[in-house]
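The sequence and structure come first.

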Amino acid sequence: MRTLVHLSDLHFGDVDARTLEPLTRIVGSLAPDIVVVSGDLTQRARPRQFRQARAFLDGLPGPQVVVPGNHDIPLVNLLARFAAPLARYRSAISADVEPSYIDAEVAVIGLNSARSGTWKAGRLNEEQLASARLRLTALPDSIVKVVVTHHPLDLPPGGRERDVVGRARKAMAAFADARVDVFLSGHLHVGHAGRTSERFPMEERFALVVHAGTATSNRQRGEENSFNLLRLQGGRIGIVRFSWSPEGGAFLPQPEERWERCPRGWEAA
């Protein structure tokens, strides 16, 4: 079994400081095999915000798979935005904006969906899809295959179509061919898990889409700060959302969602 903690949308520069120490403490106590952060580490991609994000990541267990989000590209400094959009991210967080982790049970592949040419939307290009498909197809199907992006490939109920990552349908076809099991994303500040078959009714394969809410930001959208814990064990996946309790000053677990692998993908258990 592998345990994976999924954080997103930290937004250093606009955080609820009360959440930081309890979040660090509980993630450490869960002893995850992998920590995933699906983008928007900062609010405005400023050096100080990146330093704060770096210090926070240093307090979490490893290995870590961290990808940038649209807020990690400078907003008002147009020269930096278009000439070197992720220079500050690369300097403070990681030179690799598409990291991965692979072992005998799980493969986690990060893809950068943040783009200079859009203020909020994201996109995946042909080269990214071809490279990820090649890497994932080469892995045995016994491994749980996970793809991480900031922008979602699918939406929870009530989501806005403009928030779906560009080339989502082409990406889903490529990833279905590679037999991807789970997509992790953020951006929406809403926690949710569902199947890709609702949006992409392909006969070959359907996977799980798991959104993480914002772990630490003040920019909440109708729910408390939260993060996800995934337990991956062969043909079973358990997902537990931990939600912030302001009264208790702690992240509390919600009931576990259970999924089982079937011939075409994943079904609720």
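## Chain overview

Of the 269 residues of the chain, 54% count as buried (under 20% relative accessible area; exposed is over 50%, partly exposed in between; 1.4 Å probe, protein chains only). This is a predicted model, in which local features need pLDDT of at least 70 and side-chain atom pairs count only at pLDDT 80 or more, while totals for chains, interfaces and linings use all residues. Residues are numbered from 1 along each chain as its sequence is written, and side-chain values use heavy atoms, with hydrogens and water left out.

The chain has six helices and 14 strands (DSSP runs, numbered from the N terminus: helices are H or I with at least four residues, strands E with at least two). Among contacts (heavy atoms within 4.5 Å) with a separation of 6 or more, 72% are between residues 24 or more positions apart. The accessible surface is about 11,100 Å², and carbon and sulfur atoms hold 52% of it (Shrake-Rupley method, 1.4 Å probe; for residues, only the protein chains shown count as cover).

## Helix α1

Helix α1 spans residues 20-30, and its residues P22, L23, I26 and V27 are buried. Viewed down the axis of α1, the buried residues fall within an arc of 125°, so they line one face of the helix (the arc is taken over the directions from the helix axis to the C-beta atoms). An α-helix has 3.6 residues a turn, so residues three or four places apart point the same way.

The cover over the buried residues of α1 includes strands β1 (2-7), β2 (34-38) and β10 (226-233), as well as helix α2 (47-58). Just after α1, A31 has a positive phi of about 50°.

## Aromatic pairs

There are six aromatic pairs (rings of Phe, Tyr and Trp, the last by its six-membered ring, with centres within 6.5 Å; planes under 30 degrees apart are stacked, over 60 edge-to-face, the rest tilted). The ring centres of F12 and F56 are 5.6 Å apart with the planes at 50°, so this pair is tilted. The pair joins distant parts of the chain, with F12 in the loop between β1 and α1 and F56 in helix α2, 44 residues apart. F12 is buried at 4% relative accessibility, and F56 is buried at 7%.

F175 and F183 also form a tilted pair, 5.6 Å centre to centre with 50° between the planes. F175 is buried at 1% and F183 at 3%. Ring pairs also link F227, F242, W244 and F251 into a cluster.

## Residue I143

I143 lies in the loop between α5 (126-137) and β6 (144-148) and is buried, with a relative accessible area of 5%. Beyond its neighbours within four places in sequence, I143 contacts D103, A104, E105, V106, A107, D181 and R261. I143 and G234 are 91 residues apart in sequence, with a C-alpha to C-alpha distance of 7.2 Å.
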